[in-house]
Amino acid sequence: MSTDIRKLLVMNSISSVIAIYIGIYVNLYLWEDGQRIADVSFYNMVMFIGWGAAFWTAAKLLTRFSIRLLYSCAAGLGGIAFAYLMTVTLDNRLLWIALLGLPVGAMFGFTSAAQNLGMSLQGKASEFSRYFAAVSIIGQALSVAVPILSAKVIDWSGYGGSFVLMLIALGVMLVFSLRMPSIAMPKLSDPKEQAEMGRFRFRAAFGFPGARWMLLSLLAGGVFLQFQNLFTLLFTFSVTQNKLWIALLNVTYTLVSLLGLWLYRRIRINESRWLWIGAVLLAAGFIVVMFPYKETMIASNLLTAIGMFYFNTVWTSQQFRCIQPLSAAERASFLVWRETLLIVTRCLLLTLTFSLTELRGALFITLIAVTLVCLLAMPVFQLRALRQGDTHAGNGSAGVEA
């Protein structure tokens, strides 16, 4: 990997520390006050609204500034969120949750835009697999260290001590943002093309061969990803609320993912088969929680941990390779709309969970059924998108050779 891509990888690791902490302990902080699924769902929905707005804003800024500004904004917004957690209390709980979710989501939106657009603009097709494999390995290591360290800090000095620790991590992120490569949208000589660069039109995003199937894959992806993200946490919280046990359970899930990584590197089979293996493991994990016991919830998270590794690694890297032949403006438009569609469908699923009071019953089973349909449809849509793209590329090559 080039030096610039290595710096992106380091920044990804720093931001992952913060994201892992927020994903577990901020959600747990909300869950502990009343154990209401609706509170966690509302927080996540507001967070994703802030995420989407920030992603669009960041993409616009990238037409004039570099990713350094985006990472600096992310660090600042994260600081605001943790300072808010430490100092502000409101009688209106939903308002308090909303005012927390917005800066957290905006932080993730700026970070995600900097990482995805930066990789798309600077990375080469040959680097994608190595980059995302490295992201997975580092992410798994951090998923072991961060929960245990955070649990210990919370035991020693309460949530306030862990919030201070995250403020230090955000300070490191701010300092390192100044050393990031100056990656920005390229300046084009044609004024019309330059103006198009910052518009992010839907037609520009999905004008490539196979785009229709990729669009369907993304719409299904938002439903599946949000179900997996939300209920993996709630299954763990339902087993125990002991901070250390939660950390150890997450370590167990990470070790299972590392086993999946070892098998992924040892067994040489087609990427699409790995995608299907991941989908089947995820589906099995979702089905077993129809029998709501502590043991089945742990088993579900074990199955989905390894399945998610296979599924997400292949699904994401295939999409980046698919858009690599496009122009910079088209790639940026695709990534902006990709994020938007995932967020819209994530929020749609979250609205359905507001009336859910327990992890059982007709509504919960209906959510599982909808998620399974979306999950099993995604590899089909993705494969069709790739086949249409390959067919078009083959016809184009034939035409050139002729």
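In which kind of crossing, left-handed or right-handed, does H2 pass H12? In this predicted model, the crossing of H2 past H12 is left-handed. Helix H2 covers residues 37-61 and helix H12 covers residues 328-352, and the two pack with their axes 9 Å apart at an angle of about 165°. Because angles over 145 degrees count as roughly antiparallel, H2 is described as roughly antiparallel to H12. On the side of H2, the residues that meet H12 include Phe48, Trp51, Phe55 and Trp56, while those that H12 contributes include Trp337, Ile343, Cys347 and Leu350. Gly52 of H2 is also among the contacting residues, as are Glu339 and Arg346 of H12. By class, the contact of H2 with H12 consists of 13 nonpolar, five polar and two charged residues.

Helix H12 also packs with helix H4, which comprises residues 93-122; here the axes come within 10 Å and cross at roughly 150°. That angle makes H4, too, roughly antiparallel to H12, although the crossing of H4 and H12 is right-handed. The contact is formed by Ser112, Asn116, Leu117, Ser120 and Leu121 from H4, together with Ala328, Arg331, Ala332, Leu335, Arg338 and Glu339 from H12. These residues divide into five nonpolar, three polar and three charged. Leu335 and Glu339 of H12, listed in this contact, are also listed among the residues of H12 that meet H2.

Helix H4 in turn packs with helix H3, which spans residues 67-87, at an angle of about 160° and with the axes 8 Å apart. H3 and H4 are therefore roughly antiparallel to each other, and H3 passes H4 in a left-handed crossing. The contact of H3 with H4 contains 21 nonpolar and three polar residues, and no charged residues.

Helix H1, formed by residues 3-31, can be considered through its length and its bend.

How values were computed. Residues are numbered from 1 along each chain as its sequence is written. This is a predicted model: local features need pLDDT of at least 70, side-chain atom pairs count only at pLDDT 80 or more; totals for chains, interfaces and linings use all residues. Side-chain values use heavy atoms; hydrogens and water are left out. Axes are lines fitted to C-alpha atoms, for helices over the stretch in contact, and angles run from 0 to 180 degrees between N-to-C directions. Helices (H or I, at least four residues) and strands (E, at least two) are DSSP runs, numbered from the N terminus. Angles under 35 degrees count as roughly parallel, over 145 as roughly antiparallel, 65 to 115 as roughly perpendicular and the rest as oblique. A crossing is left-handed if the near helix is turned anticlockwise from the far one by less than a right angle, and right-handed if clockwise. Contact means heavy atoms within 4.5 Å. Ala, Val, Leu, Ile, Met, Phe, Trp, Tyr, Cys and Pro count as nonpolar, Asp, Glu, Lys and Arg as charged, and the others, Gly among them, as polar. The expected span of a helix is 1.5 Å times one less than its number of residues. The bend at a residue is the angle between axes fitted to the seven residues ending there and the seven starting there.
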